[in-house]
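Here are some notes to go through with the model open beside you.

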Amino acid sequence: MSLNWLTGIILRPWTNAAPSLLNLRVGKIIHVQQHENADKLYVSQIQIEKAGEGSETVPTVQVCSGLVQFIPLEQMKNRRVVVLTNLKPSKMRGVKSEAMLLATEKTTSIDSGQETKVELINPPITAEIGEKLHFHGFPSDSEPPRLKSKIWEEIQSHLRTNGKGEAAYFSEEGSEHVLRGNSPSDPARSDTLTNTVIR
């Protein structure tokens with residue numbers, strides 16, 4: 001086993017699945033539309049870095065997200081989001097998806113069955129477009145490598161919102177590490193959902 005000396009968290013040797021492996025960036029949705037061949041998918045163009053000096057072109061990544069049932073199109077437009085940028089690109093109904101949006105969800109039982117509510121994770125208010133986010137205690141100054149699906153699944157199983165709605169990584173020992181940018185007092189958070197899984 002390996003020990004993260006900053007946190008005292010023991011990492012499993014078969015994964016070394018530390019949250020510092022996630023390349024999380026502040027993004028802004030500059031264009032979004034419904035997928036032409038999938039009723040439940042949005043296709044978004046997301047700015048994840050500032051335009052170069054003198055350039056009129058804004059660097060973007062394309063993301064397919066299954067949020068149509070949960071978030072109206074108008075609420076997606078020009079929205080600031082947390083983007084996981086180092087997953088392997090995939091195709092969803094023929095459209096390339098280059099990254100992933102962090103969101104949290106809660107399913108509750110109602111008379112007619114079950115109801116699921118989904119909210120996007122909001123970046124820290126003071127964070128700029130393209131700013132790299134990290135979980136407290138897991139700094140990452142370098143560019144993380146491409147994330148293997150098994151590693152992402154292991155890390156994701158530890159992600160959820162806390163009682164304040166802040167996005168956090170919870171270790172197996174129960175310690176909490178809030179997602180933030182350069183300001184330690186400005187966390188990423190959901191709008192209303194607390195103690196819910198992050199996907």
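Contact here means heavy atoms within 4.5 Å. The model is a predicted one.

1. Overall make-up. The chain has two helices and 16 strands. Of its 199 residues, 47% are buried. Take the contacts between residues at least 6 apart in sequence: 65% of them join residues at least 24 apart.

2. Leu 179. Start here. Leaving out residues up to four places away in sequence, Leu 179 touches Leu 24, Val 82, Leu 102, Leu 133, His 134, Phe 135, Ala 167, Ala 168, Pro 187 and Ala 188. One of these, Phe 135, has Leu 179 in S15 as its bridge partner.

3. The largest nonpolar core. This core holds 25 residues. Which of them touch the most other members? They are Leu 22, Leu 24, Leu 102, Trp 152, Leu 159 and Leu 179. Two or more residues each come from strand S3 (24-34), S6, S12, H2 and S14. H2 gives the largest share, three residues. Another core lies apart from this one; it has 17 residues, including Tyr 42, Ile 48, Met 76 and Leu 120.

4. Helix H2. Which residues of H2 are buried? Ile 151, Trp 152, Glu 154, Ile 155 and Gln 156 are. Note that Glu 154 and Gln 156 are on that list. The buried residues of H2 pack against S6, strand S9 (100-101), S13, S14 and strand S16 (197-198).

5. Pairing around S12. S12 pairs with S3 in the antiparallel sense, over two bridges. Arg 25 stands opposite Lys 132 of S12. S12 also pairs with strand S15 (residues 176-180), antiparallel and over two bridges.

6. Aromatic pairs. The count is two. In one, the ring centres of Phe 138 and Tyr 169 are 5.6 Å apart. Why is this pair edge-to-face? Its planes stand at 70°, and an angle over 60 degrees counts as edge-to-face. Phe 138 sits in the loop between strand S12 (132-135) and helix H2 (149-156), and Tyr 169 in strand S14 (residues 167-170), so the pair ties together parts 31 residues apart in sequence. Both Phe 138 and Tyr 169 are buried. Ring pairs join Phe 135, Phe 138 and Tyr 169 into a cluster.

7. A charge over a ring. Arg 160 lies over the face of Phe 170. The distance to the ring centre is 3.8 Å.

8. Thr 161. This residue is in strand S13 (residues 159-161). Is Thr 161 buried or exposed? It is buried, because its relative accessible area is 0% and the limit is under 20%. Beyond its neighbours within four places in sequence, Thr 161 is in contact with Thr 104, Ile 121, Glu 166, Ala 167, Phe 170, Ser 190, Leu 193, Thr 194, Asn 195, Thr 196 and Ile 198. A polar atom of the Thr 161 side chain lies 2.9 Å from the backbone nitrogen of Asn 195. Thr 161 and Arg 189 are 28 residues apart in sequence, yet 7.4 Å apart in space, C-alpha to C-alpha.

9. Leu 147. Look at the loop between S12 and H2, where Leu 147 is placed. Leu 147 is buried, with a relative accessible area of 7%. Its C-alpha is separated by 5.1 Å from that of Leu 87, 60 residues away along the chain. Not counting residues up to four places away, Leu 147 touches Leu 21, Leu 22, Leu 84, Asn 86, Leu 87, Lys 88 and Trp 152. Among these, Leu 22 and Trp 152 belong to the largest nonpolar core.

10. Positive phi. Most residues other than glycine have a negative phi. Two residues deserve a check on this score. Asn 78 has a positive phi, near 60°. Asn 78 is in the loop between helix H1 (73-76) and strand S6 (80-84). Its relative accessible area is 53%, so Asn 78 is exposed. Arg 93 also has a positive phi, near 55°. The loop in question runs between strand S7 (90-92) and strand S8 (95-97). Arg 93 is exposed, with a relative accessible area of 58%.

Definitions and conventions: Residues are numbered from 1 along each chain as its sequence is written. This is a predicted model: local features need pLDDT of at least 70, side-chain atom pairs count only at pLDDT 80 or more; totals for chains, interfaces and linings use all residues. Side-chain values use heavy atoms; hydrogens and water are left out. Helices (H or I, at least four residues) and strands (E, at least two) are DSSP runs, numbered from the N terminus. Buried means under 20% relative accessible area, exposed over 50%, partly exposed in between (1.4 Å probe, protein chains only). Rings of Phe, Tyr and Trp (its six-membered ring) pair if their centres lie within 6.5 Å; planes under 30 degrees apart count as stacked, over 60 as edge-to-face and the rest as tilted. A charge sits over a ring if NZ of Lys or CZ of Arg is within 6 Å of the ring centre and within 35 degrees of the ring normal. A nonpolar core is a set of buried Ala, Val, Leu, Ile, Met, Phe, Trp, Tyr and Cys residues joined through side-chain atoms within 4.5 Å. A polar contact is a pair of N or O atoms within 3.5 Å; within protein, one must be able to donate a hydrogen and the other to accept it, and residues adjacent in sequence count only if both atoms are side-chain atoms. Two strands pair if DSSP finds at least two bridges between them.
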